[in-house]
Amino acid sequence: MKVRFSWFRVSVFLICVFLAGVFIFVIPSEKPARLLTVLSESVLVGASLVVAFVLKRSLVHPGIPAGLLLISLSVYMDLLQSITGLILFETLAVVLSIIAAIVLLYYIVLHVRNLRIMIIEHETIINGSNEGVILRNLKDNTVRFNEAARKILGYEPEELKRLSIYDIVLPQELEFHGEMMERVMKGETISPYEARYAGKNGKEIDVQVNASLVKNDKGIPDYIIFAFRDITRIKAMELSLRELNRFHRALNEVVTEALESGLDNNAYHDFLFRCVEAFPGADAGVFLLKEEDERFHYVAACNYDFEELKKVSFATDELIQANSDRVTVIKDYAVDYEMDDERQRIILTAGRLGEIKSTITIPILIDGKVMMYFNLDSLKSSTVFDNPEIQEIAASFGRAVAVLLSRLRLERELNKQRELLERLSLEDPLTGLPNRRYFFDYSARQIEYLRRMGEEMTILYLDLNDFKGVNDTMGHDFGDELLKEVGKRLNSICRSSDLIARMGGDEFVYVLPSTGKEEAAEVIKRIRNSFKEPFIVENKSIYLSTSIGVALFPEDGKSVRELLIVADERMYSNKGRTNGKTNKSRIEE
């Protein structure tokens with residue numbers, strides 16, 4: 001059964017003891033000395049009982065209140081002896097005093113020992129914790145730190161003694177700290193919160209704090225305990241992960257864009273700028289591409305003078321990467337200082353070599369060979385790329401870019417093949433002039449346009465006179481070479497707006513947009529004048545003439561075929577009106 005303690009009950013108890021003493025001992029007493037003795041012993045008995053009851057409900061060992069009760073009983077026996085004069089009561093008082101002294105001495109020693117063990121265990125638990133613990137005494141505002149707190153904050157034990165809680169909390173965090181303390185003092189249960197503490201030499205430390213209030217046995221707030229752990233590395237990792245996620249998103253975007261548009265010079269620059277912007281710690285960067293001369297050339301630069309860097313190239317053995325096929329972090333740039341004076345000057349000025357603190361170089365391998373180096377530079381820190389996670393991200397980035405470039409190379413080859421096939425389908429393979437198909441497509445588009453504009457167009461149909469005689473005399477190979485020369489000459493006298501096409505055999509056609517009869521006559525005159533000069537094939541001079549038929553849109557026809565029929569008829573009509581001698585070709589050595 002617990003004895004509830006209150007000052008009212010103690011006061012009532014003492015008054016009762018005093019009145020009992022007066023009633024029992026004072027009234028029959030005749031001597032003042034005896035009266036004083038009785039009163040003092042009565043008070044001592046009452047005080048001992050009160051102390052025993054108070055201690056019984058405290059944290060002391062239960063044997064101590066028992067010893068005090070024995071002392072009270074001993075005093076009571078002594079009181080009885082003084083009244084009755086019996087030796088028995090005095091003997092009992094002495095025996096009880098000896099027993100009480102032994103009990104009190106034993107249990108006080110035991111209590112002190114247990115208390116010491118409890119304090120040691122308490123200190124061991126607190127100091128052995130991985131979490132920092134700060135005890136703030138609300139009475140005198142003093143602060144105690146455990147060993148983990150000292151290590152986290154970076155102070156020596158003697159330095160901690162001079163600190164208050166406001167030396168730990170950053171100035172910008174004081175308002176937030178005050179709000180948390182108000183909530184704790186109100187008895188609210190608050191979840192662990194994040195804050196920033198000030199370590200030694202102004203070092204800022206991200207911490208997660210759990211604050212709780214400790215009250216004494218009277219329910220009065222006594223301490224605030226701050227248990228905290230250092231989450232600086234965790235926060236840095238979270239930031240790094242956010243940056244890497246941002247980099248991955250940016251990488252996916254630029255790779256997608258590159259796949260859609262291809263990588264030309266502008267795309268290389270856009271690609272590089274996006275990567276530098278997204279890659280953690282990067283301030284600048286370059287693309288070095290191995291070109292057909294087997295040297296590495298700058299094809300893009302971010303935050304450097306690209307126009308100057310384009311003048312520089314490197315042989316494989318001159319590279320600072322030493323032809324490495326692995327992601328490498330470079331901090332020693334001695335190789336670059338061994339370049340010839342001109343290249344070294346450009347690298348120092350345009351490439352800002354003296355400002356670079358660290359470089360992460362990413363090789364791009366295609367078919368097992370290094371075809372490109374992608375360099376990302378830090379102009380601020382020499383350790384920013386030392387994180388293995390950063391290097392792994394760089395390696396995966398290199399693989400992604402290698403796949404991208406391989407695919408783009410394949411697409412380029414396919415595009416070239418398609419362009420070649422398209423060109424071959426629209427180009428005469430012998431002369432390189434547009435062929436019959438291209439002529440019809442082009443002429444149809446021009447007719448549609450000129451019809452809307454209300455303008456004219458002229459078609460000239462040309463046939464080489466007596467070309468068969470040259471073929472029969474000199475052979476078909478010679479005739480083919482002659483057709484090439486004819487095509488070149490006809491193309492040379494074309495206006496930029498005109499089209500000259502080979503229809504097949506020795507027949508050619510001109511399309512003259514926005515051209516009427518008078519302008520067409522001038523073109524025909526230029527053509528005939530050009531044929532006055534011989535064509536040179538295999539050191540032989542060949543003199544040729546041509547018959548020309550003219551058709552005018554829209555006067556002679558509304559479609560390409562109609563115009564071509566009219567021009568073809570007029571060309572043969574023109575050929576028939578000339579005499580045989582004029583139409584004959586001539587070959588001279």
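Modeller: A residue is called buried when its relative accessible area is under 20%, exposed when that area is over 50%, and partly exposed in between, using a 1.4 Å probe and protein chains only. At 18% relative accessibility, C494 therefore counts as buried, and C302, at 3%, counts as buried too. This is a predicted model, in which local features need pLDDT of at least 70 and side-chain atom pairs count only at pLDDT 80 or more, while totals for chains, interfaces and linings use all residues. Residues are numbered from 1 along each chain as its sequence is written, and side-chain values use heavy atoms, with hydrogens and water left out.

Colleague: How many disulfides does the rule give here?

Modeller: A disulfide is a pair of cysteine sulfur atoms within 2.5 Å, and by this rule the count is zero.

Colleague: What share of the protein chain counts as buried, and how many helices and strands does the chain have?

Modeller: Of its 589 residues, 41% count as buried. Helices (H or I, at least four residues) and strands (E, at least two) are DSSP runs numbered from the N terminus, and the protein chain has 19 helices and 18 strands.

Colleague: Which contacts join residues at least 24 apart, and what share do they make up?

Modeller: Contact means heavy atoms within 4.5 Å; among contacts in the protein chain between residues at least 6 apart in sequence, 60% join residues at least 24 apart.

Colleague: How many cavities does a search of the whole structure find?

Modeller: A cavity is a set of points, on a 1 Å grid over the protein atoms alone, where a 1.4 Å probe fits but cannot get out, and its lining residues have an atom within 4 Å of a point. Grid points are joined across faces, edges and corners, and a volume is the space filled by probe spheres set on the points. The search finds three cavities of 30 Å³ or more, and the largest cavity holds about 250 Å³ of space. Among the 20 residues lining the largest cavity, V286, Y298, D336, I356 and N375 are the closest to its centre, and the elements that give two or more residues to this lining are β6 (284-290) and β11 (369-378).

Colleague: Which residues line the second largest cavity?

Modeller: The second largest cavity, with about 40 Å³ of space, is lined by V169, E173, F176, H177, Y193, A195 and Y197. Both α8 (174-185) and β3 (193-198) supply at least two residues of that lining, the largest share, three residues, coming from β3.

Note on methods. On a 1 Å grid over the protein atoms alone, a cavity is a set of points where a 1.4 Å probe fits but cannot get out, and a pocket is an open set with protein on both sides within 12 Å along at least five of seven lines; lining residues have an atom within 4 Å of a point.
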